[in-house]
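Subject: Structure for you to look at

Hello,

Here is the structure I said I would pass on. Please open it first and keep it in view while you read the notes below.

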Amino acid sequence: MKNLFISINLLLITTLSFGQTTLKGKVIDEKGNPLAGANIMIKGTYDGFTADTDGKFSFKTYEKDTARLICSFVGFEPFQKLIKLTEPEIELTLKLRENASELNTVTVTAGTFEASDAKKTTFIKPLDIVTTAGGGADITQAMTLLTPGMQRNGESTGMFVRGGSAQEAKILIDGLTVQNAYNTPAPNVAARSRFTPFQFKGSAFSTGGYSAQYGQALSAVSLMNTLDLAPITEQTINLNLAGISYGKTYLIDNQSIGFTANYNNLTPLFSVYPQNIKWNHVPEYINLSTSYRLRPSAAQVFKFDAVYGGSKSGMEFNNSDNGLNPTSFNLKNQNLLLTSTYQNALDKEAHWTMKVGGSYSYNFDDMKIGLLGLEKTEERTQARITFTRDLGNNSNLVFGSENHYARYGFGIDKSSFEKNAIYHYSANDIFSSSFVESEFYVTRRLAGRVGLRSEYSSLATGANLAPRFSLAYKTGAYSQVSFAGGNFYQTPDYQYYYTNKNLGFEKASHLVLNYQIMRNERTFRIEAYSKKYENLVREYPTKEGYFNTNALRFPDGKTDNSG
């Protein structure tokens, strides 16, 4: 947005207990010597710590009931222990045994040294997002400020990664693609994302060379994992200059249910912070959400989330299609997102893990630009399943598939100034993909990951095959060098298919060289990259010889894949 404003939150929380468990202790070898730099973490979470110079560690976790603790250190066999989280503080002594095989060359687990996305991405916690100056407590805006390789593009909505368009960066929730991650933007006003930071454990953002498990993004993916079982029963009330919200969460044994209602009207805020935009209808939003969690055992978790949002706004902008004269813009939006996932270990030793998920999204925009009426409808149904096989020595094999059905509709009503001028366009896409990927360790300092992804789209009228790889070399106790690359494909913006049914997949080839040091909760990272585009959609000038730069334009001119 062109205007910077500050909202003052008055947070009234009726319950201040957080239901955390503190894990503390010491990591030693068989002779009792401390192992400084050992990595300790809860499997399947971001909770963990690196032992200090005395081998001591201390960290907190929100996990409930039982959890699997993992400890690893260069030259020693990985250590695992199932612990019961029944006390607010648990003290442990972890004794690691020296690895006698391969001349003491060993594997090192996540958090210390690896070739996976977890080591190359930028991980941002909810508190980082809400405390980032200029981020406005918005997930994607904070990422723009915190992540190297990202930048703002004027007042455009979305994430722009190393020169790409916002269409090239996708947001995934629990591995499921989000169809409409942002509120519908108005001219010259960047829209916020639809999600609040505290819905998630954290957000991991990749700026290139990401895993073969994900696709349909030429530049980057943002992986956001929702919270598990709620730690306590609580309720919250939030009152600020932009609106009011109320939330209630119930915890009953191994299940929790919560709901939130939120109403925003920016009139009070704009009266305090004047705008340079003429609003005919100040932005008004309503948001309703509910969530359900069930954890029958430590190995199983079921999640369901439903979010509904509605908004209304009206403004005037200088329209490039009207000689930059003021033109009214009015918008009504409705959005619904349903997501559900289930994860379970298929055997007692957790050698096999299965995760299935599905989602449904619906978005409807009713816009009026001057006398021109526009209607946009988007629907997406998707299903996803992955299997993970633990191969030992911190190596694994992951494979799975996903299927989508998407429906798009676009209506233009020019009847206010043209007789019987109503146009309807539609496009449907059946998209499917499969993937296989393995992480492994060549030596105690060299790790690798190779993957292969195949995709089919009925809109793009064809299939593709995308190999990907990642290598990581440990240069020190807290540092590593990573090299990743591969091919990445994406179906073009669906609006182009309204007038051209012959467009194929767009393609980008990545090579990324990364060096980073992670120590004392600080990260230093430097990257060099190569990004080559092929088969991008190219729009040609109109018959009058000019190119329409209006972001709200309907692309009805000549297009092909020569970009």
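Asp174 has a positive phi of about 50 degrees, although it is not a glycine. Is this residue buried or exposed? Asp174 is buried, because its relative accessible area is 7%, and the cut-off for buried is under 20%.

Asn535 also has a positive phi, of about 60 degrees, and is not a glycine either. Asn535 lies in the loop that runs between β30 (522-534) and β31 (538-539). Its relative accessibility is 35%, so Asn535 counts as partly exposed.

Before going further, note that this is a predicted model. The average pLDDT of the protein is 81, and 83% of the residues score at least 70. Where is confidence lowest, and where is it highest? The lowest mean, 34, belongs to strand β1 (residues 10-13), and the highest, 94, to strand β22 (residues 352-369). Residues 1-18 have a pLDDT below 50, and in the model this stretch has 40 contacts beyond near neighbours in sequence. Residues 100-116 also have a pLDDT below 50, with 57 contacts beyond near neighbours in sequence. Please keep those two stretches in mind when you look at the picture.

Now the overall make-up. The protein has 563 residues, and buried residues make up 47% of them. Its secondary structure comes to 4 helices and 32 strands. Among the contacts with a separation of 6 or more, 59% are between residues 24 or more positions apart.

Next, the nonpolar cores. The largest nonpolar core has 32 residues, and those touching the most other members are Met315, Phe329, Tyr408 and Tyr498. Which elements each supply at least two residues of this core? They are α4 (267-272), β20 (301-319), β21 (325-345), β22 and β24 (395-413). Of these, β24 gives the most, with 4 residues.

Leaving out residues up to four places away in sequence, Met315 touches Ala186, Pro187, Val189, Ile277, Lys278, Trp279, Asn280, Thr327, Ser328 and Phe329.

The aromatic rings come next. The structure holds 14 aromatic pairs. One of them is formed by Tyr494 and Tyr498, whose ring centres are 6.1 Å apart and whose planes are at 80 degrees, so the pair is edge-to-face. Tyr494 and Tyr498 are both buried. Ring pairs also link these two with Tyr408, Phe410 and Tyr425 into a cluster. Tyr408 and Tyr498 were named above, as residues of the largest nonpolar core that touch the most other members. Elsewhere on your list of rings to find, Lys558 lies over the face of Tyr540, at 4.7 Å from the ring centre.

Asn240 is in strand β16 (residues 234-240). Which backbone nitrogen lies 2.7 Å from a polar atom of the Asn240 side chain? That nitrogen belongs to Ala242. The backbone nitrogen of Gly243 lies 3.0 Å from a polar atom of the Asn240 side chain.

Phe505 is in the loop between β28 (479-490) and β29 (506-519). Phe505 counts as buried because its relative accessibility is 9%. Along the chain, Phe505 and Tyr489 are 16 residues apart, while their C-alpha atoms are separated by 6.1 Å.

Tyr182 is in the loop between β13 and β14 (200-206). With a relative accessibility of 17%, Tyr182 counts as buried, since the cut-off is under 20%. The C-alpha atoms of Tyr182 and Ser193 are separated by 4.1 Å, and the two residues are 11 residues apart along the chain.

Regards

How values were computed:
Residues are numbered from 1 along each chain as its sequence is written. Side-chain values use heavy atoms; hydrogens and water are left out. pLDDT is the predictor's confidence in each residue, from 0 to 100. Contact means heavy atoms within 4.5 Å. A nonpolar core is a set of buried Ala, Val, Leu, Ile, Met, Phe, Trp, Tyr and Cys residues joined through side-chain atoms within 4.5 Å. Buried means under 20% relative accessible area, exposed over 50%, partly exposed in between (1.4 Å probe, protein chains only). A polar contact is a pair of N or O atoms within 3.5 Å; within protein, one must be able to donate a hydrogen and the other to accept it, and residues adjacent in sequence count only if both atoms are side-chain atoms. Rings of Phe, Tyr and Trp (its six-membered ring) pair if their centres lie within 6.5 Å; planes under 30 degrees apart count as stacked, over 60 as edge-to-face and the rest as tilted. A charge sits over a ring if NZ of Lys or CZ of Arg is within 6 Å of the ring centre and within 35 degrees of the ring normal.
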